[in-house]
Amino acid sequence: MCGIVAYKGNKDCHPILLDGLKRLEYRGYDSAGTACNHNGKLVVTKCRGKVADLERILKSRKIYSDCSGSGMAHTRWATHGEPNRKNAHPHVDQSGKIALIHNGIIENYITLKKFLKNKKIKFNSDTDTEVLVQLIGYFYNKVGLDFEESVRASLQRVDGAYGIVVLNSDEPDMMIAARSGSPLVLGIKDHEFFLASDISPIVKYTKQIIYLDEKEIVVLKGDNYDIKSVDTNLSLSKEIKIIDHKIQDFEKGNFDYFMHKEIHDQNYSITNTLKGRSNDHDILLNGLSKYWNDIKETNRIYITACGTSWHAGLIGKNIIEKFAKIPVHVEYASEFRYNDTILDNKTVVIAISQSGETADTLAAVNKANDAGAITVGICNVPGSSIARATDCGIYTRCGHEIGVASTKAFTSQVVILYLFCLKLASSRKTIDVKTTLTGFFKDFSNLDKDVEIVLRKEKYIRKVALKYKNASSFLYLGRGLNFPIALEGALKLKEISYIHAEGYPAAEMKHGPIALVDKNMPVIFIVPKDKTYNKILSNIEEIKSRKGKIISITNSKSKRLKDLSDDLILLPNVSPYLFSLLATIVLQLFAFFIAVAKKRDVDQPRNLAKSVTVE
Ligand code: AGP
């Protein structure tokens, strides 16, 4: 979703802002813009399209290399008003003195707009955001409040979510930012300040970070920063965190696409997730220790998430019910937040989110917190909103994920759920601890090598993928643990290639989707050598007899399966838990190669955003 980057210091701001915007491109956007204070005036530059378009415009202007001091930049993902120059941020108030960039939605914008129109304020865009800058302008120009008071007075009157940065040409040495519902971080380096919607534009310059919390406002003035509560105006003392990210984590290295790099990262990211989380006889999840006595006594678990993270949740249900014998409900966060879910102080609610910023998942966590449930976060981004809103949690530690299509985060989420489940099962004594844990770690001891074997098959996977690149629809079928993997495979293909795809439990396809099958329909079967193997072979026969094309992903060398399949991708002979992870990697590569062949914008597919920070 929208990206924010701002700089206050004595360097030329535009190169810093553009570099920052490029690092935020992965969030998804449709227009971009900048504003800076220059010789007592605001200079605003914006356009529809890519950051490269904005860069071309800026570089053709003198301002590009003649603007040291404060500036801010924005990539917009349209919500209210179509993606065009007029609706791009920054927006400026009627006096032309105040400019604002915003991530989020002002929900009561219609009421506020009516109020401002009655005060003879004219609007120039179709956005909700413009209402906020006009309101600040109203308090500043007409009511006579000072700059900071005007921002605070306005924020006290808006409903909805915001991460904002505001400039005022009357106050060239000031920059004000605030957040509620949309993330904002402050980077500090000697006499320079950086603001951004995540740390990716900042790590290059400083490792000293302050994560703003809900309803906090930061006032940058001269060499100082002051963080206050929007509501009470009291100064807050905030901890400066030292982050340990490296700039390489945010770059593509030898790959052409972030997604491709991140698929390959799985040869170490999954192991990273596991590192230090076990000893001979126990699973160590320190982030849960304060709440573990309550968690292990629970009699009902909800898992809530969106998209890919929701698919990981389905795997969580499968294994927790199997090993820990606790009923688990998996709900889309957007439904959970409004459903009449049964929650009490014995319920455990697990929220899974790579970004830790997904608005629906955060709202689900807040609802669970309000009901007194024990909330557990499984997030990849330290310090993210969900990581902070939950009672306790486990980080996936798979490294920064930039491709919009989630890949390595998914496999790490699944591994965390395996660990959580085994810890729960051993605490509840529903498994034979020694045998099960030893078995699990033995299975996973060769993980890197097994992932490497799959990655080395990528040429072959590409060849198979290209055979089907012109198909208009795909079915992905799997059973048990591999039903969520089928859903995830189908989602990957949809997201980045724009080809219709559906995932189903393999046998369920007889209840409808089979009507779609003809000689043009590729059907991907995930076929582990487990108790459902023969059942899946029957499902394959059913598709085969309707002339569908069969692509099998399997660890079985059976001749029958080979003969039934048009294409077969053979995986190492591993445990069912590992098999699902390896099959996922095959499906990620499959979708990736089709998308590249179709010349899609793989890392920033149309209409999508990396973290969906609006409802
Ligand atoms: C995954 O490929 C998608 N881009 C999307 O479904 C994503 O998983 C979803 O928006 C949830 O994001 P989160 O994990 O950051 O909460």
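Which residues does Asp-19 touch, not counting residues up to four places away in sequence? In this predicted model, Asp-19 is found in helix H1, which covers residues 13–24, and, once neighbours up to four places away in sequence are set aside, Asp-19 touches Lys-204 and Tyr-205. Although aspartate is a charged residue by class, Asp-19 has a relative accessible area of 18% and is therefore counted as buried, the limit being under 20%.

Two further buried positions lie in strands. Ala-73 belongs to strand S4, and its relative accessibility of 0% places it among the buried residues. Gly-3 stands 70 residues away from Ala-73 along the chain, yet the C-alpha atoms of the two are separated by 8.1 Å. Gly-3 is also one of the residues that Ala-73 touches, the others being Ile-4, Val-5, Leu-17, Leu-21, Gly-33, Thr-34 and Ile-101, when residues up to four places away in sequence are not counted. Ser-180, for its part, is placed in strand S8, which spans residues 174–180, and is buried with a relative accessible area of 8%. Leaving aside neighbours within four places in sequence, the contacts of Ser-180 are with Gly-160, Ala-161 and Tyr-162, and also with Glu-214 and Lys-215.

The largest nonpolar core holds 92 residues, and within it Phe-420 and Phe-474 touch the most other members. Helix H19, made up of residues 576–597, gives the most to this core, with 16 residues. Apart from this core lies another, of 32 residues, which includes Ala-32, Cys-36, Val-51 and Ala-196.

Two pairs of packed helices were examined, and two packed helices are described by the angle between their axes and the distance between the axes. The crossing of H6 and H14 is right-handed. On the side of H6, the contact is made by Ile-263, His-264, Gln-266, Asn-267, Tyr-268, Ile-270, Thr-271 and Leu-274, while H14 contributes Leu-447, Asp-448, Val-451, Glu-452 and Leu-455. Sorted by class, the residues of the contact of H6 with H14 are seven nonpolar, four polar and two charged.

In the other pair, helix H4 (residues 129–143) and helix H5 (residues 147–155) pack with their axes 8 Å apart and at an angle of about 130 degrees. That angle makes H4 oblique to H5, and H4 and H5 meet in a right-handed crossing. The residues that make the contact are Leu-132, Leu-135, Ile-136, Phe-139 and Tyr-140 of H4, together with Phe-147, Ser-150, Val-151, Ala-153, Ser-154 and Leu-155 of H5. By class, nine residues of the contact of H4 with H5 are nonpolar and two are polar, and no charged residue is present.

Some features of the backbone were found in loops. A cis peptide bond, with omega of about 0 degrees, joins His-89 and Pro-90, and Pro-90 is found in the loop between strand S4 (68–76) and strand S5 (91–92). Arg-397, although not a glycine, has a positive phi of about 55 degrees, and the place of this residue is in the loop between strand S21 (392–395) and helix H12 (408–427). With a relative accessibility of 34%, Arg-397 counts as partly exposed. Lys-429 is likewise not a glycine and has a positive phi, in this case of about 60 degrees. The loop that holds Lys-429 runs between H12 and helix H13 (433–444), and Lys-429 is exposed, with a relative accessible area of 69%.

Notes: Residues numbered from 1 in each chain as written. Predicted model: local features only at pLDDT ≥ 70, side-chain atom pairs only at ≥ 80, totals over all residues. Heavy atoms only, no water. Core = buried A, V, L, I, M, F, W, Y, C linked by side-chain atoms within 4.5 Å. Buried < 20%, exposed > 50% of the residue type's maximum accessible area, 1.4 Å probe, protein only. Helix = DSSP H or I, 4+ residues; strand = E, 2+ residues; numbered from the N terminus. Left-handed = near helix turned anticlockwise from the far one by under 90°. Contact = heavy atoms within 4.5 Å. Axes fitted to C-alpha atoms, helices over the stretch in contact; angles between N-to-C directions. Parallel < 35°, antiparallel > 145°, perpendicular 65-115°, else oblique.
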